[in-house]
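Work through the exercises below with the structure open. Try each task before reading its solution.

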Amino acid sequence: MGREPGILAADFVRRVEIISDAGHNDSPMRIPGDDTDRPWRKSRLAARILFRKEAGRMTARDQRIGRLLAQDPEVTNRLIQQGIYSIRYQGRRIGDRKHEFDKNLGLVAR
Amino acid sequence: MSSTKTWDWWRGDVDWSTPAGRLLRAFFDGLPTDRRFHFILFGSAPLQLTLNRTWTSADVDFFSDDDDDHYERIRRLGLGKGQADVYLEPGYRLSFRTTPLMAERAKVVSLGQVTVTIPHPLDILIAKLARLDAKDLLAFRRVIDLTGHPTREELLQELRNAVDLFRPAFDDESPNLYPGNAVRLWRELWQAPLDVGRDIVAPALARRRAGYGDPPPDYRRSLAD
């Protein structure tokens with residue numbers, strides 16, 4: 001019997017997140033089996049992929065995971081936006097560059 | 001530093017020698033002493049207790065924070081409806097529909113093992129908008145006579161903060177009378193029109209939207225591209 005696609009995606013995302021979060025672990029109190037922050041973790045990963053997309057550094061793996069995340073009902077635009085505001089990409093927070101970021105992704109007109 | 005809150009005009013000093021005060025003290029004296037109690041008053045009793053001792057109120061409405069049913073205890077003490085001139089009317093939290101600021105500006109008083117929350121007159125008055133009988137309208141007039149508050153602008157602001165009171169009623173409820181009663185109140189108190197949608201609901205929803213922040217762009221679409 002095949003695994004539920006959502007679970008498969010979650011496992012995949014979890015593995016990739018561990019890689020992408022290396023050196024940026026800001027939630028050291030993770031409790032095994034507690035998935036209450038799973039939507040947030042996946043959305044933060046989505047934000048990280050969008051940072052790489054905006055910088056023109058998106059990999060094939062990013063594209064694959066990005067498509068999975070885009071289909072994931074736990075990943076919302078609102079949570080992704082919170083992730084964009086909260087994480088550091090290349091050592092910097094987005095700060096006042098958010099509008100420019102959205103524009104570079106083609107999500108706002110000007 | 002002085003506060004700039006628009007509800008500072010009420011100090012909430014309680015006169016326990018009022019009819020409502022004496023009744024409550026008699027009830028508290030009859031409570032078991034081996035645990036703590038917390039009661040929240042509503043109706044007109046808080047106005048008598050804190051604004052004017054001659055304020056007439058036949059009953060003292062209250063509920064308990066743990067929704068304990070005190071009916072039997074009140075009957076045993078002879079303080080219930082039909083047992084005393086001024087009587088205790090135990091209710092439930094849901095009976096007191098008012099603003100979200102109620103807890104923030106209420107006065108909390110401790111008497112032995114009993115804690116009593118006495119809501120601000122603004123919250124008492126706004127709850128009266130559910131019905132706005134002649135007696136309730138007089139309560140608005142009297143609070144304004146005694147304190148100079150709420151002004152029309154203050155009440156407008158309060159009703160915006162309490163915008164959810166203006167939502168349509170559930171199917172099996174009687175119609176929500178808040179919108180119509182607010183219009184009537186404005187006409188009676190200030191001989192002025194009130195457009196609930198324009199003056200209360202629209203500004204309140206605009207503020208709520210601003211509090212949520214701008215809606216995010218469609219990042220999911222960008223991920224899928």
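## Domains and sheet

The C-alpha centres of domain 1 of chain B and domain 2 of chain B lie 24 Å apart. The model is a predicted one.

**Exercise 1.** State the bounds of the two domains of chain B, then describe the contact between them.

*Solution.* 
- Step 1. Take the bounds. Domain 1 of chain B covers 19–123, and domain 2 covers 125–211.
- Step 2. Count the residues on each side. Domain 1 of chain B gives 14 residues to the contact, and domain 2 of chain B gives twelve residues.
- Step 3. Find the main contributor on the domain 1 side. Helix α5 (residues 121–128) of chain B supplies the largest share of that side, three residues.
- Step 4. Sort that side of domain 1 of chain B by class. It has eight nonpolar, four polar and two charged residues.

**Exercise 2.** Give the strand order of the five-stranded open sheet in chain B, and name its edge strands.

*Solution.* 
- Step 1. Read across the sheet. The order is β3-β2-β1-β5-β4 (chain B), and the pairing is mixed.
- Step 2. Look for strands that pair on one side only. These are the edge strands, β3 (87–90) and β4 (107–111) of chain B.
- Step 3. From one strand to the next, it averages 30°.

**Exercise 3.** Trace the pairing of β5(B) with β4(B) and with β1(B).

*Solution.* 
- Step 1. Recall the rule. Strands of a sheet pair through backbone hydrogen bonds, either parallel or antiparallel.
- Step 2. Start with β4(B). Strand β5 (residues 114–118) of chain B pairs with β4(B) in the antiparallel sense, over five bridges.
- Step 3. Check individual partners. Leu111(B) has Val114(B) as its bridge partner in β5(B). Ser110(B) has Thr115(B).
- Step 4. Inspect the turn. β4(B) and β5(B) form a hairpin with two residues between them. In the turn, Gly112(B) has a positive phi of about 60°.
- Step 5. Move to β1(B). Strand β1 (residues 37–42) of chain B runs parallel to β5(B), and four bridges join them. Here Ile40(B) has Thr117(B) as its bridge partner in β5(B).

**Exercise 4.** Which strands does helix α1 of chain B lie across, and at what angle does the helix run to β2(B)?

*Solution.* 
- Step 1. Locate the helix. Helix α1 of chain B spans residues 19–29.
- Step 2. List the strands. Helix α1 lies across β2 (59–64), β3, β4 and β5 of chain B.
- Step 3. Read the angle. Helix α1 runs at about 45° to β2(B).

How values were computed:
Residues numbered from 1 in each chain as written. Chains lettered and ligands numbered in written order. Predicted model: local features only at pLDDT ≥ 70, side-chain atom pairs only at ≥ 80, totals over all residues. Pairing = 2+ DSSP bridges. Axes fitted to C-alpha atoms, helices over the stretch in contact; angles between N-to-C directions. Contact = placed C-beta atoms within 7 Å. Domains from an automatic or database assignment. Nonpolar A, V, L, I, M, F, W, Y, C, P; charged D, E, K, R; others polar.
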